[in-house]
Amino acid sequence: PEVGLSKVIVEGTDGGSLRKGPGHYPETPLPGIRGTVAIAGHRTTYGAPFRDLDKLENRDELVVEMPYGRFVYEVEREQIVDPTATWVTKRVGHDRLVLTACHPKYSAAQRIVIFARLVRTEQLAWTSVRT
């Protein structure tokens with residue numbers, strides 16, 4: 001909500017997947033499963049869903065809504081890394097969300113990474129229908 005972003009996340013971070021929207025790194029868990037959830041997106045092409053990642057600030061909330069729950073993360077920090085820095089998606093001692101995109105805008109020389117810690121989980125109520 002801090003940067004006005006609301007997108008459906010696709011599975012995969014290959015070129016074809018990211019043309020459709022932000023993509024979940026398949027080797028990372030989905031929200032609600034312990035670990036580091038990682039999502040990549042474009043900043044300047046294909047709708048530029050992550051254009052304003054650099055405007056996020058510490059303590060901004062990131063909300064991921066899934067059919068089974070709502071997961072609220074709080075931004076802890078931003079870091080610029082080399083494209084080969086795969087350590088950013090690794091599991092750490094707490095549940096977190098990592099957002100990645102090329103940096104600077106219009107270049108793939110580096111990556112901007114937003115690290116956010118899970119602060120709240122809201123389970124969705126399941127309803128059953130009998131026929």
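**Salt bridges, strand pairing and aromatic pairs**

Arginine 70 and glutamate 65 form a salt bridge through their side chains, with an N to O distance of 3.3 Å; a salt bridge is defined as a side-chain nitrogen of Lys or Arg within 4 Å of a carboxyl oxygen of Asp or Glu. The model is predicted, so that local features need pLDDT of at least 70 and side-chain atom pairs count only at pLDDT 80 or more, whereas totals for chains, interfaces and linings use all residues. Residues are numbered from 1 along each chain as its sequence is written, and side-chain values use heavy atoms, with hydrogens and water left out.

Glutamate 65 counts as exposed because its relative accessibility is 60%, while arginine 70, at 26%, counts as partly exposed. Both residues belong to a network of salt bridges that links Glu61, Glu65, Arg70, Arg120 and Glu122.

The search of the whole structure finds eight salt bridges. One of them joins aspartate 54 to arginine 43, with the closest N and O atoms 3.1 Å apart. Aspartate 54 and arginine 43 are 11 residues apart, and each lies in the loop between strand E3 (36-40) and strand E4 (61-66); helices (H or I, at least four residues) and strands (E, at least two) are DSSP runs numbered from the N terminus. Arginine 43 has 4% relative accessibility and therefore counts as buried, whereas aspartate 54 has 36% and counts as partly exposed.

A salt bridge is also found between the side chains of arginine 117 and glutamate 76 (2.9 Å, N to O). Because arginine 117 is in strand E7 (residues 110-123) and glutamate 76 is in strand E5 (residues 69-81), this pair ties together parts that are 41 residues apart in sequence.

The strands build an open sheet of seven, in the order E1-E2-E3-E6-E7-E5-E4 and with mixed pairing. Strand E1 (10-11) and E4 stand at the edges with a single partner strand each, so one side of each has no neighbour in the sheet. Two strands pair if DSSP finds at least two bridges between them. E5 and E7 run antiparallel and are joined by 12 bridges; valine 72 has arginine 120 in E7 as its bridge partner. E4 and E5 pair over six bridges, again in the antiparallel sense, and leucine 62 stands opposite tyrosine 73 in E5. Strand E6 (residues 96-103) runs antiparallel to E7 and is joined to E7 by eight bridges, and leucine 97 has alanine 116 in E7 as its bridge partner. E6 and E7 form a hairpin with six residues between them, and tyrosine 106 in the turn has a positive phi of about 70 degrees.

Arginine 96 is located in strand E6. Arginine 96 is buried but has no salt bridge, and the nearest side chain of opposite charge is glutamate 76, 6.6 Å away; Lys and Arg count as positive and Asp and Glu as negative, while His and the chain ends are not counted. The side chain of arginine 96 makes a polar contact of 2.9 Å with that of threonine 36. A polar contact is a pair of N or O atoms within 3.5 Å; within protein, one must be able to donate a hydrogen and the other to accept it, and residues adjacent in sequence count only if both atoms are side-chain atoms. With residues up to four places away in sequence not counted, arginine 96 touches residues including Tyr73, Trp87, Phe115 and Arg117, where contact means heavy atoms within 4.5 Å.

Two aromatic pairs are found in the whole structure. The ring centres of tyrosine 68 and phenylalanine 71 are 5.9 Å apart and the planes are at 65 degrees, so this pair is edge-to-face. Rings of Phe, Tyr and Trp (its six-membered ring) pair if their centres lie within 6.5 Å; planes under 30 degrees apart count as stacked, over 60 as edge-to-face and the rest as tilted. Tyrosine 68 is partly exposed at 28% relative accessibility, and phenylalanine 71 is buried at 2%. The rings of tryptophan 87 and phenylalanine 115 are stacked, because their centres are 6.2 Å apart and their planes are at 15 degrees. This pair links distant parts of the chain, with tryptophan 87 in the loop between E5 and E6 and phenylalanine 115 in strand E7, 28 residues apart. Tryptophan 87 is partly exposed at 40% relative accessibility, whereas phenylalanine 115 is buried at 2%.

Definitions and conventions
Buried < 20%, exposed > 50% of the residue type's maximum accessible area, 1.4 Å probe, protein only.
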